[in-house]
Amino acid sequence: MNAPVDVSFFARAAKPLTSYRKYWASRFGTAPFLPMSREEMNQLGWDSCDVIIVTGDAYVDHPSFGMAVIGRMLEAQGFRVGIIAQPDWQSAEPFKALGKPNLFWGVTAGNMDSMINRYTADRKIRTDDAYTPGDVGGKRPDRAAIVYSQRCREAYNDVPIVLGGIEGSLRRIAHYDYWSDKVRRSVVVDAKCDLLLYGNAERAIVEIAHRLAAKEPVLSITDVRGTAFVRRTDDPTGQGWFEIDSTTIDKPGPVESHINPYLTTAEQAQAQGATCSKDDAPDSVAPSSSGARASASNDVLPAIAPLTFVPHAASSSKSKRPPRERTVIRLPSFEQVKSDQILYAHANRVLHLETNPGNARALVQAHGEGVTARDVWINPPPIPLTTPEMDHVFGLPYARSPHPAYADEQGGHDGVTKIPAWEMIRFSVNIMRGCFGGCTFCSITEHEGRIIQSRSEDSVIQEIEDIRDKVKGFTGVISDLGGPTANMYRIGCKTPEIEAACRKPSCVYPGICPNLNTSHDPLIKMYRRARGLKGIKKILIGSGLRYDLAVQSPEYVKELVQHHVGGYLKIAPEHTEGGPLSKMMKPGIGSYDKFKQMFDRFSAEAGKKQFLIPYFIAAHPGTSDEDMMNLALWLKKNGFRADQVQTFYPSPMATATAMYHTSLNTLKGIHRDDRSEKVDIVRGEKRRRLHKAFLRYHDPNNWPLLRETLKGMGRADLIGNGKHHLIPTFQPLTDGGYTSARRKNSTPVGKAAAAPQRGKLLTQHTGLPPRVTGSAKPGLKKTFKKP
């Protein structure tokens, strides 16, 4: 049976998004695009904006872009919303383009973290930006959330600043910053925002907007879930909370004395300062043995009284647990986690344990000392949206295209001003949010949470029909019907009470939870209905597939393979060896093998030649050089040649990032002695390059480094010219680098592309063999040099 999200425990805990009374400005109606200039505001009849959203992305009015979702959501509540997209941050003047907002600034760095958007995993500057017209880099500042907030404050210092987006979500507490290689303060402190909204913020932003519109001071809005804010230690609004001190580890709790088995119950109670009877008194104590004999001799019987049961003295002394909704956990302070890696690992572990909206408690972390001391309060995560609320959000009147300000000379968006991120999702449909996989290197859990929030089938079908009928350039092919994970639609816990109480970081690791409903029937039904629509030629699944979940439903795998794969399907085993997989919380390679067997069988039944494109990560915490060598051998054995290598990127607040910073396994208990598990960390340019070289074992530029490493590992037997060898003994003339697959598919310009061997040569990024460009002259001889 399915467990629809809208009937779960969480549906009873929050005010519906559509239940608010609309703000008076709703009389202005719906804007074709949210205005980006004064001229557009005049055309709409506005004299001012109630909310102005400042974003690091180009404004695309599409439900896959955060500024559009929040903007349209507020518009549906009756507020006038303006957009300032990718402003020049060198001064505050561009932030005054739409005038002073009546209620608040909404600030976001964009759909991506600005640092990840700007720098590669090797800290090299990117030259492109998929969220900018023309794919031009450098249109947003580093740490955009901080810079934009500062400029907004400079423009109009009396207007509240509400910070949101994934950059804020991942920095809500003190965090390790990979780019500066140090622990930084919470972004709430650095940005000096009034409120930080983390996660998908529709529920929080609507409540805050209405409360600010009702003239409630922003400083008094401290009770909204999914928000963080700064509170002085002596603030009276912080009173009345039960605080759990978690600023230290390995500190003994209250020690209860052992019960002496040779004492009677009365003697045990007396030792504890208690009695076994309510009316126990000195004159009612049982007589001694000599007294008993005297009484017996005088034929006087003692008074007979009924037995009275009272709580055990030890158990009655224990204090009751405080209510979770009024409990706050005090994390180690910023100063502590900055100087003590063990406390950093402990704080990160506590944070990830408090992520379930059903049982999470508030967190507080001190920043500063003395007169500068203040606390960063983090309220529990937002209540997930119900299915009707998801339908409402995705059913808002999006234009589904970039703002006309980005149009090229022909008035379209397919020329030099094309926005690659929009092009990627132009004909795709998002059917759900959230992911319960719990992969430690991924930030989805920290941002969207583990609870799956699904749209209704009718809502998804309506969007497909809208794309078919309204989106320019549609050819009949839906590029994706998915989400963070392709096959978690309407999958969740079988029991709402268990779902609300669960504190596991993953529902599918180390194995699939027996309480998880793994039925793919709703997804199969939607696939069949969608591809049966008139005018729809093909529906592809472009989102990553959780294959260990898919094999629980052979019917789903058959449906997927025979109808929704365009020749190649991407999945992410990430590694083959148990060491790194255990630190990633990913299933063993056996699950991949099982899925591949089903994939090949169903492809053959349909008479199709289709391929799996596996993704792997190099240099992940817990990965040894031997692990990478074994992965390279597996790749060669199975005929894979990774074209684009994904190197571990320590994003803020991720569990794997805590491992990277502390060299401790934060999935297990953190201690100051040898009980804490140490993790092998791949640091330094040379070792990171080595791990990437193992993934690209076929690249001649990597052979000298691999030869040196294999000899040092005592595995010179893998160097040779046979099929069982990893790399050859000869060395061709090379330029020491390779062309990125992002643009040229690793086929260097002017060089011949080798014809692929059937069924063997695949690329990781696109799944396509290196293409023959026709630019190389036939009969070109290869030149080699001796190693």
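## Exercises on a predicted model

The largest cavity holds about 230 Å³ of space. The structure is a predicted model.

**Exercise 1.** Determine which residues and which helices line the largest cavity, and how the lining divides by class.

*Solution.* 
Step 1. The structure holds 6 cavities of 30 Å³ or more.
Step 2. In the largest cavity, 22 residues form the lining, and Pro381, Pro382, His447, Glu448 and Gly449 lie nearest its centre.
Step 3. Two elements give two or more residues to this lining: helix H7 (202–213) and helix H15 (444–448).
Step 4. H15 provides the largest share of the lining, with 4 residues.
Step 5. Sorted by class, the lining comprises 8 nonpolar, 7 polar and 7 charged residues.

**Exercise 2.** Describe how the axes of helices H20 and H22 are placed relative to each other, and state the handedness of their crossing.

*Solution.* 
Step 1. Helix H20 covers residues 554–563 and helix H22 covers residues 589–605; their axes come within 9 Å.
Step 2. These axes cross at roughly 55°.
Step 3. The crossing of H20 and H22 is right-handed.

**Exercise 3.** Identify the residues through which H20 and H22 make contact, and classify them.

*Solution.* 
Step 1. H20 contributes Pro554, Val557, Lys558, Val561 and Gln562.
Step 2. H22 contributes Phe595, Met598, Phe599, Phe602, Ser603 and Glu605.
Step 3. The residues of this contact divide into 7 nonpolar, 2 polar and 2 charged.

Note on methods. Residues numbered from 1 in each chain as written. Predicted model: local features only at pLDDT ≥ 70, side-chain atom pairs only at ≥ 80, totals over all residues. Heavy atoms only, no water. Axes fitted to C-alpha atoms, helices over the stretch in contact; angles between N-to-C directions. Left-handed = near helix turned anticlockwise from the far one by under 90°. Contact = heavy atoms within 4.5 Å. Nonpolar A, V, L, I, M, F, W, Y, C, P; charged D, E, K, R; others polar. 1 Å grid on protein atoms, 1.4 Å probe; cavity = no way out; pocket = protein on both sides within 12 Å on 5 of 7 lines; lining within 4 Å. Points joined across faces, edges and corners; volume = space filled by probe spheres on them.
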